[in-house]
Structures are given as structure tokens and as C-alpha cells.
Amino acid sequence: MKNVMLIIKEQIDNVGIIRRVSKYEEKATYQSHYLGLMWQFLNPLIQIGIYYLVFGLGVNGGRNVEGVPFIVWMLIGIIVWFFVNSSLLGGSNSIYNKVGMVSKMKFPVSVLPSINMASNIVSYWWMMAILIVVMFIFGVYPTIYWLQYIYYFICMIAFLFAMGILDSTITILVRDYHIMLQSILRLLFYVSGPIWDIETRSFPDWLVRIFQINPVYYFIDGFRDTFLSREWFWEKPTLALIFWGIISIILILGTHLHMKFRARFVDFI
């Protein structure tokens with residue numbers, strides 16, 4: 001736990017650096033493009049259109065899901081997935097790509113996954129704004145359930161932070177890990193529920209229960225509970241305990257490996 005508290009303290013002490021560097025990264029990524037930062041939401045919009053054509057109109061036949069239009073149901077999950085996917089892939093490479101620079105500057109390498117996550121969150125907020133507009137168009141309005149959005153947002157950030165520390169460290173030690181992570185994320189896309197409801201598919205009950213243990217499924221389904229006013233997070237205490245147990249294990253393991261090898265990152269590269 002000592003390592004966990006130290007890493008968290010480093011994030012808090014360097015909030016200003018995280019914010020400033022993330023803004024610089026956003027501008028640097030799109031500075032050579034004519035549309036600039038507009039690509040932060042144009043690119044996800046194009047992907048959403050493709051997924052809706054394939055899964056909404058093709059596979060699902062345009063039918064409603066849980067009483068709401070498929071586009072609303074899908075948007076809730078796919079927007080979260082885009083943020084999770086880009087943060088996990090970028091976070092896993094964050095230290096590897098910049099460890100040389102950080103070794104010459106006065107801030108800890110543990111903030112690099114957080115910087116990557118912060119740079120991705122602008123696109124996430126733009127897409128959430130679009131989601132709100134689409135929900136209003138289709139008659140989905142705010143209820144008291146929307147208050148628990150804060151809880152599931154914290155769950156998502158905690159997961160990405162823990163995975164960022166672990167993934168970025170392992171990527172330094174085992175370079176093949178980043179490629180393997182890309183394959184794992186392709187699988188997770190189909191078993192985490194962003195584009196279809198795994199509970200209504202022809203999966204055996206035991207396999208559905210395994211899918212529900214997946215932390216990404218937990219908060220994607222939780223965001224749907226929130227926006228579609230289905231149930232409160234405390235009505236699923238077992239899944240909540242499993243989720244926070246998994247996050248705790250990932251964070252303890254990640255911080256232990258990070259602190260153990262941090263002084264030798266440059267040597268490994």
C-alpha cells in the first residue's frame with residue numbers, strides 16, 4: 001500500500017503539469033491537420049456511423065433495445081469504449097515513448113499515463129455532449145438516476161489509472177506486451193457490451209457471468225443504468241465488490257512493479 005499512496009501522491013502533486021502537458025499533446029497531435037482539434041470528435045463520429053450501420057441497421061435491424069432506440073443505447077457504450085481503448089493503448093506506450101525526456105526533467109514518470117488519459121478526455125466530453133443531444137431528440141430526459149454518473153465515472157478513471165501504471169511498466173519490461181494488449185482490446189470490444197447486450201445473446205449463463213466480471217463491462221453497463229434510469233449501483237453489490245477488488249489488485253501490482261523498476265527504465269529501453 002505504501003507504493004500505491006506514493007504514486008497517488010505524485011499525481012496530486014503534479015496536477016498542474018498533467019493539465020499543461022496534456023493540452024500541449026492535444027495541439028501537437030493535430031497541428032499539421034487542416035481541421036485541427038475538430039478531429040477529436042469527427043473521427044469518433046465517423047466510427048460511430050459505421051458501427052450503427054453494421055450493428056444497428058444490419059445486425060439489429062433497427063429495433064429498439066430496452067425500450068430505447070438502438071442509437072442511444074449504443075452511443076452510451078461506444079463513447080465510453082472509445083475513451084477506454086485510446087487511454088489504455090496510449091497509456092501502455094506513454095512511458096516508453098517519453099522516458100528519455102522525463103529523465104532530464106523534474107517530474108515523475110508515473111504521471112505520463114495520467115497525461116495521456118487527460119489528453120483523451122477532451123474528445124470524451126465532446127462525445128458526451130453529442131450523446132446528451134441525441135438522448136433529448138429521442139425523448140430520454142434526465143432523472144435522479146443520472147446522479148450516479150459521478151460514481152461510474154470514478155470507476156472508469158480508477159480502472160484506467162490502475163491499468164495505465166501496470167501496462168506502461170510491463171511495456172518497458174516486455175516490448176511485445178503492447179502488441180498483445182491491442183489483441184486483447186479487440187476481444188474486449190465484443191465481450192464488454194458497447195455494441196450489443198451480451199445478456200440477450202445466445203451465450204451460456206456461466207459465460208455471461210464471466211463477462212460481467214469484466215471491469216469494462218461493469219461501468220459500461222453502469223452508465224446505461226444511469227442514463228436509461230434502470231437501477232442504482234448499490235443494487236449490484238456483488239459486482240461492485242468484485243470490480244473494486246480487481247482494481248485494487250491491479251493497482252497494487254502495477255505500483256509495485258513501477259517502483260521496483262522505475263530507476264532502470266532507461267536501461268531497459
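Select Lys236 and Asp221 to begin: in this predicted model, their side chains meet in a salt bridge with 3.3 Å from N to O, the term standing for a side-chain nitrogen of Lys or Arg within 4 Å of a carboxyl oxygen of Asp or Glu. The pair links distant parts of the chain, since Lys236 sits in the loop between helix 9 (215-227) and helix 10 (237-261) while Asp221 belongs to helix 9, 15 residues apart. Helices here are DSSP runs of H or I with at least four residues, strands are runs of E with at least two, and both are numbered from the N terminus.

For Lys236 the relative accessibility is 11%.

Arg230 is partly exposed at a relative accessible area of 27%, whereas Asp221 is buried at 14%. With these four residues on screen, you have one network, in which salt bridges that share partners join Asp221, Asp225, Arg230 and Lys236. The whole structure holds 5 salt bridges.

Residue numbers count from 1 along each chain as its sequence is written. Local features need pLDDT of at least 70 and side-chain atom pairs count only at pLDDT 80 or more, while totals for chains, interfaces and linings use all residues, and side-chain values use heavy atoms, with hydrogens and water left out.

Next, select Ser87, Gly91, Pro113, Met117, Leu160 and Gly164, the residues that line the largest cavity. Helix 4 (70-102), helix 5 (112-137) and helix 6 (149-173) are the elements that each give two or more residues to this lining. About 40 Å³ of space lies in the cavity. On a 1 Å grid over the protein atoms alone, a cavity is a set of points where a 1.4 Å probe fits but cannot get out, a pocket is an open set with protein on both sides within 12 Å along at least five of seven lines, and lining residues have an atom within 4 Å of a point. Grid points are joined across faces, edges and corners, and a volume is the space filled by probe spheres set on the points.

Leave Met117 selected and move to the second largest pocket, which has 14 lining residues, with Ile18, Ser114, Met117, Ala118 and Ile157 nearest its centre. The pocket holds about 280 Å³ of space, and helix 2, helix 5 and helix 6 each give two or more residues to its lining.

Then turn to the surface and select Met1, Met5, Ile8, Ile12, Val15 and Ile252, a nonpolar patch with about 590 Å² of accessible area together. Helix 1 (residues 2-13) gives the most to this patch, with 3 residues, while Val15 is found in helix 2 (residues 15-30) and is partly exposed at 45%.

Finally, show the whole protein, with its 11 helices and 0 strands. Of its 269 residues, 51% count as buried.

Notes: Buried means under 20% relative accessible area, exposed over 50%, partly exposed in between (1.4 Å probe, protein chains only). Patches are made of residues with over 30% relative accessible area and no salt bridge: like charges are joined within 9 Å, nonpolar side chains (Val, Leu, Ile, Met, Phe, Trp, Tyr) within 5 Å. Accessible areas come from the Shrake-Rupley method with a 1.4 Å probe; for residues, only the protein chains shown count as cover.
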